[in-house]
Amino acid sequence: MRFLIGCFILLSSSVVAAETVQWRGYDIHYTTFNSLLIPQEVAQAHNIVRSKYRIVTNVSILKDGNPSPATVTGINTNLLNQLFTMEFDEVTEKSAIYYLSNQLIDEKDSLRFTIQVMPSGETDAYELQFTRQY
């Protein structure tokens with residue numbers, strides 16, 4: 001079942017415009033998408049709540065093409081400047097590590113994300129900032 005989430009996230013990432021930044025030799029991939037895009041059996045296996053009012057944020061880190069473990073934390077704010085703490089769960093597979101956060105959103109909302117990514121062995125974190133409209 002774990003393999004299914006990797007296949008799904010790779011597939012969905014191309015559909016929902018995954019982005020990548022380079023930092024200190026790491027490739028940090030990130031994307032957000034509506035939780036209904038995840039098949040029910042995959043969501044159940046990873047405790048992801050599916051709803052038209054929930055999104056999933058996916059972050060993965062690669063170094064030299066290999067998955068790199070990291071500490072991932074974050075917040076986001078909506079149009080009303082309400083602050084939400086993001087809880088990331090690590091999903092480890094044979095050839096990938098994903099950090100997933102599942103959260104509620106309001107219909108037609110705009111969220112500003114600030115996510116700290118600190119790969120294992122690093123003393124500094126990369127601050128990832130982006131905005132998404134739903």
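Strands S9 and S10 (residues 126–133) pair antiparallel over 8 bridges; two strands count as paired if DSSP finds at least two bridges between them. This is a predicted model, in which local features need pLDDT of at least 70 and side-chain atom pairs count only at pLDDT 80 or more, while totals for chains, interfaces and linings use all residues. Residues are numbered from 1 along each chain as its sequence is written, and side-chain values use heavy atoms, with hydrogens and water left out. The chain holds 2 helices and 10 strands. Helices (H or I, at least four residues) and strands (E, at least two) are DSSP runs, numbered from the N terminus.

**Overall layout**

- Along the sequence the pattern reads α-β-β-α-β-β-β-β-β-β-β-β.
- The chain has 134 residues, and 44% of them count as buried. Buried means under 20% relative accessible area, exposed over 50%, and partly exposed in between, with a 1.4 Å probe and protein chains only.
- Among contacts in the chain with a separation of 6 or more, 61% join residues 24 or more positions apart. A contact means heavy atoms within 4.5 Å.

**Strand pairing around S9**

- S9 and S10 form a hairpin with 6 residues between them. Gly121, in the turn, has a positive phi of about 95°.
- S9 (residues 110–119) also runs antiparallel to S5 (residues 70–77), joined by 8 bridges.
- Gly74 stands opposite Ile115 in S9. Thr77 stands opposite Arg112 in S9.
- S5 pairs with S6 as well, in the antiparallel sense, over 4 bridges. There, Ile75 has Thr85 of S6 as its bridge partner.

**Nonpolar cores**

- The largest nonpolar core has 21 residues. Such a core is a set of buried Ala, Val, Leu, Ile, Met, Phe, Trp, Tyr and Cys residues joined through side-chain atoms within 4.5 Å.
- Ile28, Val59, Ile61, Val72, Tyr99 and Ile115 touch the most other members of the largest core.
- Strands S1 (19–23), S2 (26–34), S3 (54–63), S5, S8, S9 and S10 each supply at least two residues of this core. S9 gives the largest share, 4 residues.
- A second, separate core has 10 residues, including Phe33, Ile48, Val56 and Tyr98.
- Ile115 has contacts that include Val59, Val72, Met86, Phe88, Leu128 and Phe130, not counting residues up to four places away in sequence.
- In soluble globular proteins, nonpolar side chains tend to be buried together.

**Second largest pocket**

- Strands S6 (83–86), S7 (89–92) and S8 (97–104) each supply at least two lining residues. S8 gives the most, with 4 residues.
- By class, the lining has 4 nonpolar, 6 polar and 4 charged residues. Ala, Val, Leu, Ile, Met, Phe, Trp, Tyr, Cys and Pro count as nonpolar, Asp, Glu, Lys and Arg as charged, and the others, Gly among them, as polar.

**Individual residues**

- Ser60 is found in strand S3. Ser60 counts as buried because its relative accessibility is 12%.
- Ser60 touches Asp27, Ile28, His29, Ile97 and Tyr98, leaving out residues up to four places away in sequence.
- Gln133 sits in strand S10. Gln133 is exposed, with a relative accessible area of 69%.
- Beyond its neighbours within four places in sequence, Gln133 is in contact with Asp109 and Ser110. The C-alpha atoms of Gln133 and Lys108 are 7.0 Å apart, though 25 residues separate them along the chain.

- Most residues other than glycine have a negative phi.
- Asp64 has a positive phi near 55°. Asp64 lies in the loop between S3 and strand S4 (66–67) and is exposed at 68% relative accessibility.
- Asn81 has a positive phi near 60°. Asn81 belongs to the loop between S5 and S6, a hairpin with 5 residues between the strands. At 54% relative accessibility, Asn81 counts as exposed.
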